[in-house]
Amino acid sequence: MRLTVHNHRRRAADVKRAIIDLPSDAEGMFIEPDVVTPEIAVVLAHNLERSVNHVAYADEFTGGTYDPIGRYNCGRCNQEERSDCLLLDINGINEQAGSCRDWEPERTGDPEMRLKRKSPDAASYGVAKNGVGFGCHRCPFVRTAKNVDSQGRSSWCGENGHYVTPTACCELNGAPTV
Ligand code: SF4
Ligand code: SF4
């Protein structure tokens, strides 16, 4: 893999940072490197961190919002209450196949507040056409990987440019919705 690195000077502060262009295929999917050198591993680890912070990526190693069975469906979310959502400004959710970027696991005794504030669009709420839910293992952007990262992620995400686990997910998942 050849990385293209641009250096830009920010306007507001005299700070430089690199902008990296990962190679992509004809479908626009980032291409997994054949060999993960230490330099490339740093770039991929940063891509994963970016996904956690910007597109709600979650897996076994990233903490709170991970679903071990990889469905991320509303009916198994701590914000679900009587087929409605405590967080979103929405009238009812689909328990089996609805989900959003704010999915969180049910935890006994974990209190939630009746907010009803966040818009469904801001939360990327959607109902999966498959009637089951989401997850990298159902995502059209996941690819069989040649490599495994140092934490054991053994699939490649062509959309975000880093390794993933089958039961991980992010809000950019390409699952068709109704
Ligand atoms: S809409 Fe989001 S936050 Fe609300 S119950 Fe569904 S997954 Fe949870
Ligand atoms: S494979 Fe799909 S769901 Fe998984 S991180 Fe990539 S875009 Fe998101």
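Predicted model: local features only at pLDDT ≥ 70, side-chain atom pairs only at ≥ 80, totals over all residues.

Me: Which residues belong to domain 1 and domain 2?

Reply: Domain 1 is made of 4-64 + 135-164, and domain 2 covers 77-126. Those bounds come from an automatic or database domain assignment.

Me: What does the secondary structure of the protein chain come to, and how do the elements run from the N terminus on?

Reply: There is 1 helix, along with 9 strands. From the N terminus on, the order goes β-β-α-β-β-β-β-β-β-β. As for extent, the C-alpha trace spans about 50 × 40 × 30 Å along its principal axes.

Me: Why is Y72 called buried?

Reply: Just count neighbours. The cut-off for buried is 20 or more other C-beta atoms within 10 Å. Y72 has 32 of them, so Y72 is buried. You'll find Y72 in the loop between helix 1 and strand 3 (80-81).

Me: And what makes K116 partly exposed?

Reply: Exposed would need 12 or fewer neighbours, and buried would need 20 or more. K116 has 13 other C-beta atoms within 10 Å, so K116 falls in between and is partly exposed. This residue belongs to the loop between strand 5 (98-99) and strand 6 (126-127).

Me: What is said about phi in Y72 and in K116?

Reply: Phi is positive in Y72, near 60°, and Y72 isn't a glycine. K116 isn't a glycine either, and its phi is positive at about 55°.

Me: Which residues is A145 in contact with, leaving aside neighbours within four places in sequence?

Reply: E32, S154, S155, W156 and Y163. Being in contact takes C-beta atoms within 7 Å. As for R71, it is 74 residues from A145 in sequence and 22 Å away in space, C-alpha to C-alpha.

Me: What share of the residues in the protein chain is buried?

Reply: Buried residues make up 34% of the 178.

Me: Which residues touch the most other members of the largest nonpolar core?

Reply: C136 and C169 do, in a core of 32 residues. Helix 1 (38-54), strand 8 (155-157) and strand 9 (162-164) are the elements giving two or more residues to this core.

Me: Why is this core said to lie between domain 1 and domain 2?

Reply: Because domain 1 (4-64 + 135-164) and domain 2 (77-126) both give residues to this core, the core lies between them. As a rule, nonpolar side chains tend to be buried together in soluble globular proteins.

Me: Where else does C136 turn up?

Reply: Around ligand 2: of the 14 residues there, C136, C139, C157, C170 and N173 come nearest. By class, that shell has 11 nonpolar, 2 polar and 1 charged residues.

Me: Which residues are closest to ligand 1?

Reply: C74, C77, Q79, C85 and C100, out of 15 surrounding residues. The shell of ligand 1 has 10 nonpolar, 3 polar and 2 charged residues.

Note on methods: Residues numbered from 1 in each chain as written. Chains lettered and ligands numbered in written order. Core = buried A, V, L, I, M, F, W, Y, C linked by C-beta atoms within 7 Å. Helix = DSSP H or I, 4+ residues; strand = E, 2+ residues; numbered from the N terminus. Near = placed C-beta within 6 Å. Nonpolar A, V, L, I, M, F, W, Y, C, P; charged D, E, K, R; others polar. Contact = placed C-beta atoms within 7 Å.
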